[in-house]
Amino acid sequence: MAIFGNLSLRLTESLANLRTKGKLTPADVDGTVREIRRALLEADVALPVVKEFTAHIRERALSDDVNKALNPAQQVVQIVNEELIGILGGEVRRINFAKQPPTVIMLAGLQGAGKTTLAGKLAKKLLEDKHQPMLVACDLQRPNAVNQLQIVGAQAGAHVFAPEPGNGIGDPVRVAKDAIKYATDKHYDVVIIDTAGRLGVDAELMKQAANIRKATNPDEVLFVIDAMIGQDAVATAKAFQEGVDFTGVVLSKLDGDARGGAALSVAKTTGRPIMFASTGERLDEFEVFHPDRMASRILDMGDILTLIEQAQKAFDEEEAMKAAEKMANDEFTLDDFLAQMQQMRKAGNMKRMLGMLPGMGQMKDLIDNFDEREINRTEAIIQSMTPAERKNPKLINGSRRARIARGCGRTVTDVNTLLKNFEQASKMMRTVARGGMPNIPGMGPMPGMGGGRAAKRAAQQKGKKKGKAYSGNPAKRQQQELQASKATGAGFGKGAGFGTASIPGQPSEEELAQLQKFLKR
């Protein structure tokens, strides 16, 4: 599911209603602002933030700049995008490292917010950035919290300082002090302190956290908040700000299916930036928070830059160059196809990556029904072939297809589908290798999307609507077209979630150039 899926859907539908307006009247603007207000309130965004947000949109949408624009609707979309970036913090905020190591980072938050897992994710990211982090177990209250941190630290490849067993035994303030001295002696340049949480805000929690902060004088205090916590997010954030104070916010469980809009309120109400976002359970599902990119995702405009960054981490440049040469020379084989799919799987959660493409919010059902296990099934089919068959798929006749199907436990139809998809993918890759842009809507079903319930439903709806005339009323016709695009997936690949190719916020020429450069590597 896309991040802030329900909010994204409501906002895009509200803004799509402006498409047919050649000139915006105050009534049009008021109607759109009213829908935006409802969408934000239903998503648990704090009321003061909603009031300020919608007031700014209305004021700017009724200005002369919008009224004189060639396409007022696009101007309004741009205004909403800019205001969203504003309430999300405006700019990217990085960690402030100490001039004299070690840099001390303290994690604070309620129990269950995900602090311990986040400590491992942050350590893994710092290791990738050539730092030497050390985790400190200062949560000595929660049962097995120390053991959990040790397991997470081992997975991340980071050392864990845990002199006390926990489970109610030990002084967390003394452990924190000793950790700083130990890190200095052992030349660890970053210390991440995992503190205790409570089920709710209380005096004991605040006192302990404040004492740890006073004893260690951290360079960063990160407040970890569950993105699904609801309206209580603002009250909790303010309580921690008053009791401990923090320098930045980390959103955890941003991949959940709750409304999640309360997370939009934290930066605005506390004045502290959102620095990181946890988007899954795996340690690598963790990213720097970019307000502009997140606003684009919420408005279903995609996040091409993050998609490229994730792909670059997973793809081997040397192997990609070899594959590109093979594509250009028509020497791309099923072995190469399998290797590329395995690298795609290493890039991360495929559903989340698909959700970063522009316009994919209109295909929510298709993404939700995406089956990542289909990649494993495809791998099994290819590995059931002989080396000669992988090199030259044209050798695969009827009897060979039956043998391959028996060898991998699949059907002959599955083998036929794979061969057809491989042929289509090869054509697309040859186009890219020779300097063209791939025609993604025509590439056929991706693994996992081929026979899903959503695809069948879309085909049935397409058949039902065949030959149906659209209304002569522009507004009604636009609504019919929007419904039709949702049913058939016609919005896929159009560059924006509103059905046009020139909506502000779509991938810029620079982003497309980077994407083209990466695909050609």
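**Aromatic rings and the nonpolar core**

Student: Is F223 buried or exposed?

Tutor: This is a predicted model, in which local features need pLDDT of at least 70, side-chain atom pairs count only at pLDDT 80 or more, and totals for chains, interfaces and linings use all residues. Residues are numbered from 1 along each chain as its sequence is written, and side-chain values use heavy atoms, leaving out hydrogens and water. Buried means under 20% relative accessible area, exposed over 50%, and partly exposed in between (1.4 Å probe, protein chains only). With a relative accessible area of 1%, F223 is therefore buried.

Student: How is the pair of F223 and F240 classed?

Tutor: The structure holds 4 aromatic pairs. Rings of Phe, Tyr and Trp (its six-membered ring) pair if their centres lie within 6.5 Å; planes under 30 degrees apart are stacked, over 60 edge-to-face, and the rest tilted. The centres of F223 and F240 are 5.0 Å apart and their planes stand at 35°, so this pair is tilted.

Student: How is the pair of F223 and F246 classed?

Tutor: F246 counts as buried, at 2% relative accessibility. Its ring centre and that of F223 are 5.0 Å apart, with planes at 25°, so the pair is stacked.

Student: Which residues form one aromatic cluster?

Tutor: F223 and F240 are both buried. The cluster is made up of F223, F240 and F246.

Student: How many residues has the largest nonpolar core?

Tutor: Such a core is a set of buried Ala, Val, Leu, Ile, Met, Phe, Trp, Tyr and Cys residues joined through side-chain atoms within 4.5 Å. Among the residues with the most contacts inside the largest one are F240 and F276. This core has 99 residues.
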